[in-house]
Structures are given as C-alpha cells and as structure tokens.
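Here is a short tour of one protein model, written for someone who likes to look at contacts atom by atom. Have the structure open as you read.

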Amino acid sequence: MTSDPLKSYRAKRDFSITSEPLPKVAGEIMDSKNAIFVVQKHYSRNLHYDLRLEVDGVLKSWAIPKRLSLDPKQKRLAIETEDHPLEYAGFEGIIPEGQYGAGTVIVWDIGIYENITEKDGRIMHISQALENGHAAILLNGKKLSGGFALTRTKRGWILVKMKDELADSSKDILKAQPESVLFTASKEISKKKMKGFSKIFFTL
Ligand code: MN
C-alpha cells in the first residue's frame with residue numbers, strides 16, 4: 001500500500017468540529033488531462049487565495065498571499081500547502097475558530113485545466129512537471145483562463161500569467177469579480193461533462 005497523500009490534511013483537522021470534507025478514500029490515480037482546478041478565497045488570519053490542481057487523485061495546493069494577477073509582469077509567491085481531497089473543490093463555508101485555517105472560504109473560481117508542460121516536444125505528466133519544479137497549465141475557469149506557469153525557485157513557488165491574448169495588465173479581476181462562482185460555474189461546467197466534475201458536484 002502506498003502512503004496516504006492526505007495524511008497531513010487529516011492530521012491538521014478535527015472533523016468533529018470543522019465542516020470541511022473528510023476524505024473517504026485515499027486519492028485514486030486519474031488521467032490529469034482536463035483535470036479540475038479551483039481557486040478558493042480564504043479569509044483566515046490574512047486574506048489569501050488557495051490555488052488547487054487535481055493531480056493523481058488529490059488537489060495539489062498553494063496559498064497565494066499576494067493577490068492573483070493577470071499581468072505577466074506580476075510574479076506571485078505561491079506557498080505549497082498540504083494535498084487536499086478532491087471533494088474540497090466544492091467546499092465553501094466557515095472553518096470554526098481554533099481550527100486549522102479558521103475563517104471563511106468561498107469558491108472564487110473553478111474549472112478545468114490542461115497541463116501543457118513540454119519537454120522535447122512532448123507533454124510531460126503534471127506530477128513529473130511539478131516534481132521537476134516547472135509546470136505550464138491552461139486554465140478554463142469562469143474567471144481565470146489562459147496560460148499560467150508555476151515555477152519553483154529558492155524562495156518557493158512562483159505563479160505567473162503567461163503572455164497570451166488573455167493576459168491583462170490593466171484589469172484587477174479580484175476586485176471586478178469578488179464573489180463565489182460555485183453554483184453558476186457548476187451549471188455551466190456540468191454541461192461539458194468534463195471528467196472528474198460530475199462526481200464532485202453530485203456530492204455537494
Ligand atoms: Mn488557505
């Protein structure tokens with residue numbers, strides 16, 4: 001039996017107190033093409049945005065303390081946090097005081113992403129890309145779209161918008177669209193019947 005990637009997630013939380021999802025099974029391995037991404041807006045000690053990418057049956061997670069940007073010149077520190085269960089992509093609510101990450105969480109954006117990390121003209125598996133310290137992804141969310149790059153540096157991971165037609169140095173998307181997308185997004189995306197999506201929204 002392989003080690004449980006959600007061990008740290010479980011260990012940090014008291015599921016008799018928090019309403020965050022208790023994962024039922026350890027992550028199942030899935031094809032990461034058209035996998036889920038979610039950005040949760042989390043007011044805890046500080047407002048930050050949690051970026052999560054479905055990788056091998058769990059949500060790889062980064063906390064972005066400085067605001068997300070569509071400007072390719074704005075590099076954002078992305079602090080790697082513990083893997084979360086896939087069910088977490090649908091989580092919104094209040095994490096009670098005294099609990100890990102106490103505060104409020106909304107689903108600021110959700111959608112699918114495509115891994116476009118290339119090596120020698122071929123797409124590298126996303127988990128390999130992350131292990132190597134550089135991943136290029138195409139987001140297809142309600143708010144975020146286009147290419148983003150995640151790169152590991154000495155200071156930690158850096159998230160940056162790639163230069164494409166969806167890059168925008170003038171628009172502050174966080175201010176323009178501050179609200180949750182959960183229900184509008186789920187309706188739209190479920191029409192596409194993307195792999196991985198139905199099971200999450202059916203469990204909401
Ligand atoms: Mn957080």
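## The manganese site

Let's begin at the metal. Along the chain, the donors of the manganese ion are spaced as H-x5-H-x1-D. In this predicted model, the protein donors are H42 through ND1, H48 through NE2 and D50 through OD, at 2.1 to 2.3 Å from the ion.

Are H48 and D50 buried or exposed? H48 has a relative accessible area of 13% and D50 one of 5%; both count as buried because each value is under the 20% cut-off.

## The nonpolar cores

The largest nonpolar core has 28 residues, and those touching the most other members are L51, L53, L68, Y113, L144 and L150. Strand β2 (residues 47–55) supplies the largest share of this core, with four residues. Apart from it lies another core of 16 residues, including Y88, A89, F91 and I95.

Leaving aside residues up to four places away in sequence, L150 touches L51, L53, W62, A78, L130, G133, H134, A135, W157, I158 and L159.

## A buried threonine in a loop

T117 sits in the loop between β6 (103–115) and β7 (118–119). With a relative accessibility of 3%, T117 is buried.

Which polar partners does the side chain of T117 have? One is the side chain of N115, in a polar contact of 2.7 Å. Another is the backbone nitrogen of A136, which lies 2.9 Å from a polar atom of the T117 side chain. Beyond four places in sequence, T117 touches R122, I123, M124, A129, H134, A135 and A136.

Conventions:
Residues are numbered from 1 along each chain as its sequence is written. This is a predicted model: local features need pLDDT of at least 70, side-chain atom pairs count only at pLDDT 80 or more; totals for chains, interfaces and linings use all residues. Side-chain values use heavy atoms; hydrogens and water are left out. A nonpolar core is a set of buried Ala, Val, Leu, Ile, Met, Phe, Trp, Tyr and Cys residues joined through side-chain atoms within 4.5 Å. Buried means under 20% relative accessible area, exposed over 50%, partly exposed in between (1.4 Å probe, protein chains only). Helices (H or I, at least four residues) and strands (E, at least two) are DSSP runs, numbered from the N terminus. Contact means heavy atoms within 4.5 Å. Donors are N, O and S atoms within 2.8 Å of the metal (3.2 Å for Na, K and Ca); water is not among the atoms, so sites may look incomplete. A polar contact is a pair of N or O atoms within 3.5 Å; within protein, one must be able to donate a hydrogen and the other to accept it, and residues adjacent in sequence count only if both atoms are side-chain atoms.
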